Amino acid sequence: MSNAMMHPHTELRFINESIGYGVFATKLIPKGTITWILDDLDQAFDESYIASLDAVRRERLIKYSYRDDRGLYILCWDIARYVNHSFHSSCIATPYKFELAARDIYPGDELTDDYGYFNLDKPFYCFPERGSARTTVMPDDILHYYPEWDHKAAEAMLSFNCVEQPLKHLIDHKFIAKVTAIARGEAKMDSILACYYDRAAALKAVS
């Protein structure tokens with residue numbers, strides 16, 4: 001059993017000068033497997049801390065972080081921060097602080113996420129991908145694409161109890177009962193909209 005938040009059958013590899021590094025499977029990771037999970041070694045920073053940093057450290061921290069539903073910047077402590085974007089991502093986020101393999105990920109395949117569900121602070125311009133008309137990830141993409149992502153996550157969850165889950169022991173205790181019920185077909189998944197950081201609502205609350 002691994003206590004790392006990335007699936008143990010992954011490794012960091014250099015891709016090229018344009019992309020940099022990425023995370024790749026070293027063995028088959030079947031559809032429905034937890035590929036990443038938030039744990040207590042991850043660091044969370046609020047906006048005031050980010051603003052207090054010098055420009056160089058601020059830029060680096062934001063580059064390797066994502067924002068959760070509360071607006072906190074989450075910096076992953078292991079190679080998860082090198083997972084690259086794809087509009088046809090091999091992984092899919094859930095509202096339960098873990099991600100699933102959206103399809104079978106074979107040895108040598110890259111683990112990728114759609115950055116659209118990461119609450120980016122500004123648009124992220126991407127390399128064009130065959131089969132997708134999208135070329136830019138927007139901060140509010142989750143509001144537009146959540147039905148597609150909800151379906152993708154629900155499909156992956158159908159295989160949850162049929163595959164090995166080396167990271168299952170790290171599921172937050174407050175989600176265990178719900179995840180167990182979903183995996184048994186006794187409950188419906190919550191929408192990924194629960195992961196959205198509503199900046200407008202946050203500003204109103206402050207004012």
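Okay, let's start with salt bridges: this structure has ten of them, counting a side-chain nitrogen of Lys or Arg within 4 Å of a carboxyl oxygen of Asp or Glu. Before I go on, this is a predicted model, where local features need pLDDT of at least 70, side-chain atom pairs count only at pLDDT 80 or more, and totals for chains, interfaces and linings use all residues. Residues are numbered from 1 along each chain as its sequence is written, and side-chain values use heavy atoms, with hydrogens and water left out.

Now, have a look at Arg134. Its salt bridge partner is Asp114, and the closest N and O atoms are 2.7 Å apart. Arg134 sits in the loop between strand E11 (124–125) and strand E12 (136–137), while Asp114 is in the loop between E10 and E11, so the pair ties together parts that are 20 residues apart in sequence. Helices (H or I, at least four residues) and strands (E, at least two) are DSSP runs, by the way, numbered from the N terminus.

Are these two buried or exposed? Arg134 is buried, at 12% relative accessible area, and Asp114 is buried too, at 1%. Buried means under 20% relative accessible area, exposed over 50%, and partly exposed in between, with a 1.4 Å probe and protein chains only.

Next, Lys178 and Asp190: their side chains meet in a salt bridge at 2.8 Å, N to O. Lys178 is in helix H4 and Asp190 in the loop between H4 and helix H5 (199–206), twelve residues apart. Here Lys178 is partly exposed at 27%, and Asp190 is partly exposed at 37%. There's also a network: Glu47, Arg67, Asp121 and Arg199 are joined by salt bridges that share partners.

On to the inside. The largest nonpolar core has 47 residues, and Phe98 and Phe160 have the most contacts inside it. A core here is a set of buried Ala, Val, Leu, Ile, Met, Phe, Trp, Tyr and Cys residues joined through side-chain atoms within 4.5 Å. Helix H3 gives the most to this core, with five residues. So what does Phe160 touch? Leaving out residues up to four places away in sequence, the list includes Phe98, Leu100, Val179 and Ala183, where contact means heavy atoms within 4.5 Å. A second, separate core has seven residues, among them Phe45 and Tyr64.

Last bit, strand pairing, where DSSP has to find at least two bridges between two strands. E2 and E10 (residues 110–113) run antiparallel, joined by two bridges, and Phe24 has Glu110 as its bridge partner in E10. Strand E7 (residues 84–85) runs parallel to E10, again with two bridges.
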